[in-house]
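Welcome, and please open your viewer. This short tour tells you what to select at each stop and what you will find there.

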Amino acid sequence: FIDGGEVSLVIPLEGTKDKFVITVGRNVAILTWDGESSTPTEVKYVSAVDNEKELQDNRLNDGKADPIGRLWAGTMGAESDPEDKFPLTLGSLFSFSKDWKPTKHLSNITVSNGLAWSEDLKSMYYIDSPTRKVEAFDFDAESGKISNRRTAFDFDIHDVLGFPDGMATDTKGKLWVACFEGSQVIRVDPANGKLLRCIPIPALKVTSVAFGGPQLDELYVTSADILTEEQKKMYPESGATFRVTGLGVKGYPGQAVKL
């Protein structure tokens with residue numbers, strides 16, 4: 001937490017060693033931090049979204065910089081009870097210009113989550129978790145506009161457990177999707193909607209994935225530990241970050257935000 005608000009993403013700012021783009025509640029900020037101190041040097045707020053009166057309880061959730069360095073992030077309504085129930089369709093998906101002006105691309109979103117792009121920059125993939133779908137859009141890298149919304153992968157069709165959460169692309173154009181409440185990561189083909197692989201993870205709530213390691217052939221998998229006492233006994237490693245090796249594929253490094 002920073003200034004009493006929940007931080008949901010941290011992305012390096014290109015060309016700097018100690019500056020990061022973060023989200024705090026409904027706000028985007030630039031954090032100056034040496035990576036070691038328990039408190040930041042500075043938090044400069046640069047943008048806010050969902051400023052309407054009825055959306056004051058919303059917060060930014062997942063986000064990512066697209067391959068040309070433009071920030072994308074989406075919102076969700078406040079959790080209404082401990083059972084992970086969310087108010088429906090209060091969120092939106094935004095991108096941000098270099099002067100931090102937000103552009104709203106989608107509305108009626110419940111839990112805005114994973115983002116990914118194809119290597120040729122012609123497609124963007126996006127997850128609104130409760131839909132249990134990965135959606136695809138035509139992507140215009142220069143203007144940052146998306147169009148032609150369609151389903152790339154449907155959890156229901158393949159009886160996949162859990163909800164799609166964070167997501168990454170490998171160099172073969174396939175998507176790796178974290179399955180929240182599904183104890184797994186799946187690899188899917190967005191071109192034909194096929195399920196290619198399931199990787200079990202010893203945590204119930206798998207939250208996100210990213211490629212790393214010297215060869216970018218290791219998959220790092222995060223998980224949440226917001227569990228009941230009974231679930232904690234079943235999944236004692238929940239909350240850990242896991243490293244998956246030997247997958248036979250490589251991914252892309254994380255993209256910093258460019259200003």
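We begin with how to read the model and then visit a sheet, a pocket, a hairpin and an annotated residue.

This is a predicted model, where local features need pLDDT of at least 70 and side-chain atom pairs count only at pLDDT 80 or more, while totals for chains, interfaces and linings use all residues. Residues are numbered from 1 along each chain as its sequence is written, and side-chain values use heavy atoms, with hydrogens and water left out.

**Stop 1**

Strands here are DSSP runs of E with at least two residues, numbered from the N terminus. Click on Gly-63 to find its bridge partner in β6, Ala-73.

**Stop 2**

Keep β7 (91-96) and β8 (102-109) selected, as each supplies at least two residues of the lining of the second largest pocket. A pocket is an open set of points on a 1 Å grid where a 1.4 Å probe fits, with protein on both sides within 12 Å along at least five of seven lines; lining residues have an atom within 4 Å of a point. Its volume, the space filled by probe spheres set on the points, is about 230 Å³. Of the 18 lining residues, Arg-70, Ser-95, Phe-96, Ser-97 and Lys-98 are the closest to the centre. By class, the lining has six nonpolar, seven polar and five charged residues.

**Stop 3: a hairpin**

Select β9 (residues 112-117), where six of six residues are buried (under 20% relative accessible area, with a 1.4 Å probe and protein chains only). β9 pairs with β10 (residues 123-128) in the antiparallel sense over four bridges. Trp-117 has Met-124 in β10 as its bridge partner. Five residues sit between the strands, and Leu-121 takes a positive phi near 65 degrees in this hairpin.

**Stop 4: an annotated residue**

Which feature does UniProt place at Asp-165? The unreviewed entry gives "active site", though annotations may be inferred rather than shown by experiment. Asp-165 lies in strand β13 (residues 163-169), and it counts as buried because its relative accessibility is 9%.

Terms used:
Nonpolar A, V, L, I, M, F, W, Y, C, P; charged D, E, K, R; others polar. Buried < 20%, exposed > 50% of the residue type's maximum accessible area, 1.4 Å probe, protein only. Pairing = 2+ DSSP bridges.
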